[in-house]
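Hi,

Here is the structure I said I would pass on.

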Amino acid sequence: VTYKSHTDNLNGDLLLRYNLLPGLSIKSNLGYNKIEISQISSTPSFAINPLYNANGYSQFGNQYITSYVFEPQINFKHKIANGNLDFLLGTTLQQTITDGTSQIVNNYSSDLLLESRSAGTVGYTSYKNIEYKYASIFSRINYNWQNKYIANINFRRDGSSKFGPNYQFGNFASYGF
């Protein structure tokens, strides 16, 4: 039995930041990832029990995964009385698309042809296409008074396509003193 796999991966990330005014800045993270995988698993006829009178067979697989992420944020910092106020508002948008095929090819006339799809008979083919989406909006307010006392409030609303129709979104909050 032989197994061969080849993977190509392209990964990119870009971070942009700009100060609009003193204490007010915006930034955005952009990400992209693409993975391509090709696989061949071959079983020659001599590796199969002769009672089955079988020729060799191969399994071919291809998978393509593409991911995108976009994360813009705005941040405001300001001195108030004897403390510092820090406010953050942002969002995350993400999508991953997975496409793949798998084929079993059998009835090869020779074990030398096991890496060729066209030299045998296609016995089974399966396809998959999965799309995942994620969205989030979040905020944070932080007040630091005289570098001694801190109060913060956090809130986020997340949504994911991995959960059922009535449970795709959830709210999450926290506070601390």
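**What turned up**

The biggest share of the nonpolar patch, three residues, comes from strand 1 (residues 2–21). Keep in mind that this is a predicted model. The patch sits on the surface and is made of Tyr 18, Leu 20, Leu 21, Ile 26, Ile 74, Leu 89 and Ile 137, with about 610 Å² of accessible area together. Tyr 18 belongs to strand 1 and counts as exposed because its relative accessible area is 53%, where the cut-off is over 50%.

On to the strand pairing. Strand 4 (residues 83–106) and strand 5 (residues 121–145) run antiparallel, joined by 24 bridges; Gln 95 has Lys 133 in strand 5 as its bridge partner. Strand 5 also runs antiparallel to strand 6 (residues 149–160), through twelve bridges, and there Ala 135 stands opposite Gly 159. Strands 5 and 6 make a hairpin with three residues between them, and Gln 146 in the turn has a positive phi of about 55 degrees.

Now the rings. There are three aromatic pairs in the structure. One of them is Tyr 32 with Tyr 68, tilted, at 5.5 Å centre to centre and 50 degrees between the planes. That pair links distant parts of the chain, with Tyr 32 in strand 2 (residues 24–43) and Tyr 68 in strand 3 (residues 57–80), 36 residues apart. Tyr 32 is partly exposed at 28% relative accessible area, and Tyr 68 is partly exposed at 39%. Trp 145 and Tyr 149 are stacked, 5.6 Å centre to centre with 25 degrees between the planes. Lastly, Lys 162 lies over the face of Tyr 132, 4.6 Å from the ring centre.

Cheers

Note on methods
Residues are numbered from 1 along each chain as its sequence is written. This is a predicted model: local features need pLDDT of at least 70, side-chain atom pairs count only at pLDDT 80 or more; totals for chains, interfaces and linings use all residues. Side-chain values use heavy atoms; hydrogens and water are left out. Patches are made of residues with over 30% relative accessible area and no salt bridge: like charges are joined within 9 Å, nonpolar side chains (Val, Leu, Ile, Met, Phe, Trp, Tyr) within 5 Å. Accessible areas come from the Shrake-Rupley method with a 1.4 Å probe; for residues, only the protein chains shown count as cover. A salt bridge is a side-chain nitrogen of Lys or Arg within 4 Å of a carboxyl oxygen of Asp or Glu. Helices (H or I, at least four residues) and strands (E, at least two) are DSSP runs, numbered from the N terminus. Buried means under 20% relative accessible area, exposed over 50%, partly exposed in between (1.4 Å probe, protein chains only). Two strands pair if DSSP finds at least two bridges between them. Rings of Phe, Tyr and Trp (its six-membered ring) pair if their centres lie within 6.5 Å; planes under 30 degrees apart count as stacked, over 60 as edge-to-face and the rest as tilted. A charge sits over a ring if NZ of Lys or CZ of Arg is within 6 Å of the ring centre and within 35 degrees of the ring normal.
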